[in-house]
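Have the model open while you read.

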Amino acid sequence: MRILIIDDDDLVRQSLAALLEFNGLEVIAAADGEAGVRLAANEPDIILCDVSMPPGMDGFAVLEAVRKQPKGLLIPFVFLTGNIDRSDQRRGMALGADDYITKPFTE
């Protein structure tokens, strides 16, 4: 399974990648939305994307761009967020997100 992580926080991105790789998964990662959209064209099995990535493309814009790609509707898209805001959740789900995971991650 190939997972695309899009997160502007180096520590979160690298920690999550290390955890997933330790569990035998292939990880590709992007530090911003624009790079993430380019990597999504390689059709990962799932995308984990931060909602807030200033100053560039935020997670909502990434989701919209991915969903416009030829096979973008088939890729599960999960938002990572440190702020559970119900209006953001509704917006993300309306745009086609599959789920939300809150940060920081706990066991």
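## The sheet

In β3, I5 has L48 as its bridge partner. Four bridges join β1 to β3, and the two run parallel; strands count as paired if DSSP finds at least two bridges between them. Helices (H or I, at least four residues) and strands (E, at least two) are DSSP runs, numbered from the N terminus.

Zooming out, five strands make an open sheet with parallel pairing, ordered β2-β1-β3-β4-β5. β2 (26-30) and β5 (99-102) sit at the edges with a single partner strand each, so one side of each has no neighbour in the sheet.

This is a predicted model: local features need pLDDT of at least 70, side-chain atom pairs count only at pLDDT 80 or more, and totals for chains, interfaces and linings use all residues. Residues are numbered from 1 along each chain as its sequence is written, and side-chain values use heavy atoms, leaving out hydrogens and water.

## R13

R13 belongs to helix α1 (residues 10-22) and is buried, with a relative accessible area of 11%. Its side chain reaches the backbone oxygen of D7 at 2.6 Å.

Definitions and conventions
Buried means under 20% relative accessible area, exposed over 50%, partly exposed in between (1.4 Å probe, protein chains only). A polar contact is a pair of N or O atoms within 3.5 Å; within protein, one must be able to donate a hydrogen and the other to accept it, and residues adjacent in sequence count only if both atoms are side-chain atoms.
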